[in-house]
Amino acid sequence: MATDYDAPRKTEEDLNEESIEELKTHRSSKQSAVVDEDEAEAAEGFELPGADLSGEELMVRVLPAQADEFTCASCFLVRHRSQVAREKDGLLYCKDCEG
């Protein structure tokens, strides 16, 4: 914000009076402390631990392992070949598990 250094400066007392006046005007326009929120709609976004999800079906497309990927023998995550830290008995281990 640009500052006009030639403009008359306000004193602390002037600033305090202005802020008090602003507070009074805000207080006079009473606002409701109640928030309008549909409880049922808000509850749909929460998932409780141990909830029965047996009726839910997930639609996920599974891709086969690519030529430049491997599955870590420790954490079982699919990683890029650049993440191979060691190979033991034909099993590959990622840098995170070996680090």
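1. Asp38 sits in the loop that runs between α1 (12–28) and α2 (39–43) of this predicted model, and because its relative accessibility is 46%, Asp38 counts as partly exposed. On the surface, Asp38 belongs to a patch of negative charge, in which Glu37, Glu39, Glu41 and Glu44 also gather.

2. Two salt bridges are present in the structure. In one of them, the side chains of Asp96 and Arg79 meet at 3.0 Å, N to O, and this pair links distant parts of the chain, with Asp96 in helix α3 (residues 95–98) and Arg79 in strand β2, 17 residues apart.

3. Arg79, which is found in strand β2 (residues 78–80), is in contact with Asp68, Glu69, Phe70, Cys94 and Asp96, once its neighbours within four places in sequence are left aside.

4. Since Arg86 lies in strand β3 (residues 84–88) and Glu98 in helix α3, the pair ties together parts that are 12 residues apart in sequence.

5. As for the accessibility of this second pair, Arg86 has a value of 31% and so counts as partly exposed, and Glu98, with 35% relative accessibility, is likewise partly exposed.

Note on methods
Residues numbered from 1 in each chain as written. Predicted model: local features only at pLDDT ≥ 70, side-chain atom pairs only at ≥ 80, totals over all residues. Heavy atoms only, no water. Patch = residues over 30% accessible without salt bridge, like charges linked within 9 Å, V, L, I, M, F, W, Y side chains within 5 Å. Areas by Shrake-Rupley, 256 points an atom, 1.4 Å probe, with all protein chains shown as cover. Salt bridge = Lys/Arg side-chain N within 4 Å of Asp/Glu carboxyl O. Lys, Arg positive; Asp, Glu negative; His and termini not counted. Charge placed at Lys NZ, Arg CZ, Asp CG, Glu CD. Helix = DSSP H or I, 4+ residues; strand = E, 2+ residues; numbered from the N terminus. Buried < 20%, exposed > 50% of the residue type's maximum accessible area, 1.4 Å probe, protein only. Contact = heavy atoms within 4.5 Å.
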